[in-house]
Amino acid sequence: MSDLAVIRRKTILFRYVAGEFILSFAVVFLFFFFIFFINQILLMAEEILSKNVAPGDVLRLIVYAVPNIISYSFPFSALVGGLMAVGRLVGDNEILAMQSAGIPLKTIALPIFTLGLIFGVLAYFSNDVLLPAGTMRFNTLYREILYSNPALELEAYSIKRYRDRVIATGKVESGSIEDIVIFDRDEKKNRRTINASRGVLDKNYGSGGVISLRLYDVVSIVSDQKRRGFYEYSSADIMEYNILLKDISLAVHSLTPREKSIRDILAVIKEKREQLSQRTMHNQMQVDQLETDLAALYLETFLSGKKLPGTKIAARQEQLRTARERDIRDRSLQMHLLEYHKKIALPAACVIFLLFAFPAGVLTRKGGRSIGFGIGLFVCMMYWGLLFAGQTLGIRSDLSPWIAIWTGNLVILAAGTGLLIIRSRR
């Protein structure tokens, strides 16, 4: 057979297997996209859809949330789509026929892994470019909606922080709020606690850049900053309380690590690591100084033969204990590291998943798309659970961000490697 004929046969095979995989991938991508899309709608339903926001604005918010949906749809679709495609080829004995014709498995797998690499690049682009851009536009539009409808921020049974004030709300219905507690500061910067049985949002809210709340059955307690233990108590039937919209917009506009590009995340990580290093060094210097001071007190006591006041030594001991136990970890740094690994791990999963999907599909005795779909969903659920658990542990503990995020990928990779070894021995 001539070289041209060999190349033509390989090209036909490549297109055929690639077409099978693309078809399965497209079907599964639409499935996952629909699932995540419905989940996004449900999350927005209570917060936005029920607050009389214009349908056009709601549609734009949903469009800006699409990149977040895509970031998960790509790897999961690659896994399930790969299993379905290979399962179909096995079920119709096409892989067996190809091998009988002298075509090795690596040639059959080449189109699948090539497309997996392309999907990984697209997923990376979505995470690093589309997601931050979509989120910034989401926040900008949300801020505009908030200026015209501040009731969005007043959720039922929630706690909201606006600069130097915290507002806890009870039941919220038609602009009326029950059981309001507000923690803020008065004109003299004294801490103030305001309790009200009910509050009503002014119908002209947003005018002049202010949200106006009319509070009923109000009790106010102010602690005197200059005289500890002194409080001022007052009550009123009605009280007007204003919140500046610019305070709310700052909270809405702040970006989380998930909404930044990898370059921005790396810049923040570098800065925060330097700050953490400085804090660690400063704390260690403080510990060393306290240990020296305490040793000097012990030596003075020994040389003088007199007993120093116990309160002096006890105070130094307490300061030293506090310095040693001081938590100097940076949670924001940890979250940025987690997101950095996640932005890489999810696109990489598009290829890693296929290292599992291809041998698993080949080894399945009863092939077919349905078998591949079922196995794929099970593996996706397992991976999702590992990713969620890793993120939770990474935020709440000192678990390495690399381990927290990449554990799911490594488990799938190990399973795929094992299946490849089993297949090669047959």
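**Buried residues and nonpolar cores**

Ser126 is buried, at a relative accessible area of 2%. Buried means under 20% relative accessible area, with a 1.4 Å probe and protein chains only. This is a predicted model: local features need pLDDT of at least 70, side-chain atom pairs count only at pLDDT 80 or more, and totals for chains, interfaces and linings use all residues. Residues are numbered from 1 along each chain as its sequence is written, and side-chain values use heavy atoms, leaving out hydrogens and water.

- Ser126 sits in helix α5; helices are DSSP runs (H or I, at least four residues), numbered from the N terminus.
- Beyond neighbours within four places in sequence, Ser126 contacts Pro67, Ile70, Ser71 and Leu131. Contact means heavy atoms within 4.5 Å.
- Asn127 also belongs to helix α5.
- Asn127 is buried, with a relative accessible area of 3%.
- Residues up to four places away in sequence aside, Asn127 touches Ser71, Pro132, Lys343, Leu346 and Pro347.

**Nonpolar cores**
- A nonpolar core is a set of buried Ala, Val, Leu, Ile, Met, Phe, Trp, Tyr and Cys residues joined through side-chain atoms within 4.5 Å.
- The largest has 55 residues; Phe21, Phe74, Leu79, Ile95, Ile108, Phe358 and Tyr383 touch the most other members.
- Helices giving at least two residues each to this core include α1 (3–47), α5 (105–148) and α9 (331–363).
- Helix α3 gives the most to this core, with 15 residues.
- Another core lies apart from it, with 13 residues, among them Ile167, Ile180, Ile182 and Tyr241.

**Around Tyr383**
- Not counting residues up to four places away in sequence, Tyr383 touches Phe76, Ala345, Leu346, Ala349, Phe353, Gly408, Asn409 and Ile412.

Terms used:
Buried means under 20% relative accessible area, exposed over 50%, partly exposed in between (1.4 Å probe, protein chains only).
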